[in-house]
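Have the model up on screen as you read.

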Amino acid sequence: MGKRRPYVVASAAVSIDGYLDDASPRRLLLSNEEDFDRVDGVRASVDAILVGAGTLRADDPRLLVRSETRRRERVEAGLAASPIRVVVTGTGDIDPSARVFTVGGAERFVYTTVAARPALAERLTEAATVVALGESIDLGAVLADLADRGVGRLLVEGGAMIHTRLLTAGLVDELRLAVAPFLIGDPTAPRFLGPAAYPYGPDNPLRLTEVDKLGDVAVLHYLAQR
């Protein structure tokens with residue numbers, strides 16, 4: 001029997017040719033307001049939101065529920081206004097002034113290595129709980145630890161390395177992919193997924209359950225075959 005873990009929803013927005021961004025220093029918007037609101041609804045439905053350090057550096061996300069109505073509904077249900085925020089970093093190279101640590105009151109956890117933990121915990125002081133589960137990052141162990149902390153549903157918002165490793169390990173239950181109506185075509189830009197031995201090949205494909213049209217953005221909803 002595998003380790004206990006949350007139900008994992010992976011979420012990303014990509015260009016038609018599978019890029020998460022272009023190579024410019026300015027963040028490329030791949031979604032529209034309708035899709036941002038859809039993602040906000042997913043955020044409101046989970047117990048925690050996880051990103052990698054690369055996403056933190058590139059996008060400086062807040063990882064909060066934006067809608068006042070959804071925040072109020074969570075509070076009325078006995079939950080925090082926004083889910084727990086989780087960052088994974090192998091090196092500990094994250095900025096304590098990032099918005100995830102300075103904006104909003106949701107609980108925060110940072111998972112890192114044994115070697116990186118002391119300096120990172122000192123830099124973050126009381127901004128987040130810093131957890132080291134081993135000499136390297138084991139995402140299965142991270143998920144198990146989150147389950148032990150009461151996380152039943154986890155939304156993963158990136159980046160490429162986190163999505164690649166979770167999908168390779170078969171640790172994703174749902175994939176929600178928003179596809180923007182344009183192409184990037186730049187080999188130096190970040191891709192949604194890297195080369196890997198995925199378990200979801202032609203003999204075990206993901207199951208497409210829904211396709212939504214939000215303006216010019218198509219949202220594909222897949223479930224993993226069990």
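## Strand S3 and its partners

Strand S2 (residues 48-52) runs parallel to S3, and five bridges join the two. On the S4 side (residues 108-112), four bridges link that strand to S3, again in parallel. Strands here are DSSP E runs of at least two residues and helices are H or I runs of at least four, numbered from the N terminus; two strands pair if DSSP finds at least two bridges between them. Val 87 of S3 sits opposite Val 51, and Val 87 also stands opposite Val 110 in S4.

How many of the five residues of S3 are buried? Five of the five in S3 (residues 84-88) are, so the strand is largely enclosed by the rest of the structure. Buried means under 20% relative accessible area, exposed over 50% and partly exposed in between, with a 1.4 Å probe and protein chains only. Ile 84, Val 86 and Val 88 point one way, while Arg 85 and Val 87 point the other. In a regular strand, side chains alternate between the two faces of the sheet.

## How to read the model

This is a predicted model: local features need pLDDT of at least 70 and side-chain atom pairs pLDDT 80 or more, while totals for chains, interfaces and linings use all residues. Numbering starts from 1 along each chain as its sequence is written, and side-chain values use heavy atoms, leaving out hydrogens and water.

## A buried arginine

Arg 43 belongs to helix H1 (residues 33-44) and is buried, at 12% relative accessible area. Beyond its neighbours within four places in sequence, its contacts (heavy atoms within 4.5 Å) include Ile 49, Arg 74, Pro 83 and Glu 157.

## The ends of H3

Ser 67 caps the N-terminal end of helix H3 (residues 68-76), with a side-chain oxygen 3.3 Å from the backbone nitrogen of Thr 69. Just after H3, Gly 78 takes a positive phi of about 85°.

## The largest pocket

About 1,100 Å³ of space lies in the largest pocket. Of its 47 lining residues, Arg 27, Thr 55, Asp 59, Pro 61 and Glu 157 are the closest to its centre. A pocket is an open set of points on a 1 Å grid over the protein atoms alone, with protein on both sides within 12 Å along at least five of seven lines; lining residues have an atom within 4 Å of a point. The volume is the space filled by probe spheres set on the points, which are joined across faces, edges and corners.

Definitions and conventions
Polar contact = N/O pair within 3.5 Å; in protein donor to acceptor, adjacent residues only side chain to side chain. 1 Å grid on protein atoms, 1.4 Å probe; cavity = no way out; pocket = protein on both sides within 12 Å on 5 of 7 lines; lining within 4 Å.
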